[in-house]
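Dear colleague,

I am handing over the structure we talked about. Please look it over first; my notes follow below.

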Amino acid sequence: KQAKAEHIPVVYHDGVADRSASFHMEVFGRLRHAVRNGELTLNYQPKVDLQSGEIRSVEALLRWPDSGITPDVFIPIAEKTGLICEITRWVVTEVARQMLEWRHQGIQVKVAINISTRDLLDKSIAAFIVDAFDSRKVDKSQVIIEVTESAVMKHATLAIERLSFLRDQGFGVAIDDFGTGYSSMAYLSDLPATELKIDRRFIGEILKSKRDKKLVKAMIALAHEFDLLVVAEGVEHQQQADLLKTFGCEMIQGYLFSQPVEADRLAYLLR
Ligand code: C2E
Ligand code: MG
Ligand code: MG
Ligand code: MG
């Protein structure tokens with residue numbers, strides 16, 4: 001029965017994936033099987049220092065090999081069904097294991113992990129994350145928890161409480177996809193964040209759109225007002241990087257420097 005589930009094709013209409021309820025059910029079933037079967041993997045994408053050109057940290061990004069299904073499709077389904085909590089535990093454990101392996105290879109790099117709204121509601125997740133790194137003696141200050149602005153705003157009080165606990169434990173905290181959700185500047189000052197990531201849709205048009213240029217400039221100033229490091233997401237062109245540098249942005253993440261790559265390839269890039 002399970003072997004059969006693996007071979008159900010995803011239905012595409014005119015190149016667009018079928019997003020119907022049956023599509024969701026099918027993806028959910030296959031995803032749950034993939035998680036439990038150890039089929040998910042992680043890629044790592046560098047965040048690069050704009051001044052030195054060096055890799056400051058890397059973001060762990062989920063991949064579901066051979067499924068033809070990207071995180072943009074399967075993460076929302078995992079969130080809706082609650083499967084995300086199981087996936088996050090796997091991601092956390094895998095990152096801790098990978099960091100230990102890199103350490104044995106003489107490689108030290110900060111790693112960022114994405115956490116969903118649903119994870120923030122899970123009472124035991126924070127303790128699980130702490131234990132995953134403590135038990136392997138991986139320095140928690142080398143780990144960054146990324147949470148989207150909208151996840152934070154949805155349950156602000158709880159999010160601030162959970163993230164403050166993690167911050168107190170030494171983890172870095174990044175606000176992801178900044179600028180896309182409804183947020184309050186007041187919350188920004190209440191969040192125990194260390195890093196702010198400007199969503200790539202603002203970066204995409206930054207050279208052409210005066211509006212986006214002004215918004216990005218203002219977001220960077222706002223972040224610095226709260227002592228947050230700024231990462232610009234989705235930087236694909238050198239001119240974007242140059243402009244961001246003049247705005248005082250600290251880091252860039254995007255195809256200009258590197259796509260998300262497998263752990264071995266990342267070790268090579270770091271060397
Ligand atoms: P995100 O956390 O904002 O991650 C950045 C996304 O932008 C990644 O997409 C990355 O591959 C993509 N990206 C990076 N540079 C560029 C660029 O220069 N141009 C363009 N067009 N895209 C770029 P990806 O890997 O498909 O992940 C999409 C989203 O899925 C992530 O957005 C995150 O919200 C979610 N996700 C991925 N892995 C995980 C995970 O382990 N846990 C959770 N909860 N969510 C995850
Ligand atoms: Mg992220
Ligand atoms: Mg993002
Ligand atoms: Mg995103």
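Which residues are closest to ligand 1, and how many surround it? The answer is 22 residues, with Arg63, Asp176, Arg200, Glu236 and Tyr255 the closest. A residue counts as near if one of its heavy atoms lies within 4 Å of the molecule.

First, the ground rules. This is a predicted model, where local features need pLDDT of at least 70 and side-chain atom pairs pLDDT 80 or more, while totals for chains, interfaces and linings use all residues. Residues are numbered from 1 along each chain as its sequence is written, chains are lettered from A and ligands numbered from 1 in the order written, and side-chain values use heavy atoms, without hydrogens or water.

**Ligand contacts**
Polar contacts here are pairs of N or O atoms within 3.5 Å.
- Glu236: a polar side-chain atom is 2.6 Å from a nitrogen atom of ligand 1.
- Arg63: a side-chain N or O atom is 2.8 Å from an oxygen atom of ligand 1.
- Asn114: a polar side-chain atom is 3.0 Å from an oxygen atom of ligand 1.

**Strand S4**
Arg63 also belongs to S4, where it is the bridge partner of Thr41. S4 covers residues 55–63, and seven of its nine residues are buried (under 20% relative accessible area, 1.4 Å probe, protein chains only). Strands are DSSP runs of E, at least two residues; helices are runs of H or I, at least four; both are numbered from the N terminus. Strands pair when DSSP finds at least two bridges between them. S4 runs antiparallel to S3 (residues 41–49), with eight bridges. Five residues separate the two in their hairpin, and Gly53 there has a positive phi near 75 degrees. With S5 (residues 110–115), S4 runs parallel, through three bridges. Val58 stands opposite Val111 in S5.

The largest pocket holds about 1500 Å³ of space. Its lining has 46 residues, and Leu61, Pro71, Asp72, Asn114 and Asp177 are the closest to its centre. Pockets are open sets of points on a 1 Å grid over the protein atoms alone, where a 1.4 Å probe fits, with protein on both sides within 12 Å along at least five of seven lines; lining residues have an atom within 4 Å of a point. Volume is the space filled by probe spheres set on the points. Helix H3 (residues 71–81) gives the most to this lining, six residues.

The second largest pocket has about 280 Å³. Arg56, Ser57, Lys110, Ser141 and Ile144 are the closest to its centre, out of 19 lining residues. S4 gives the most here, with three residues.

Best wishes

Note on methods: Buried means under 20% relative accessible area, exposed over 50%, partly exposed in between (1.4 Å probe, protein chains only). A polar contact is a pair of N or O atoms within 3.5 Å; within protein, one must be able to donate a hydrogen and the other to accept it, and residues adjacent in sequence count only if both atoms are side-chain atoms.
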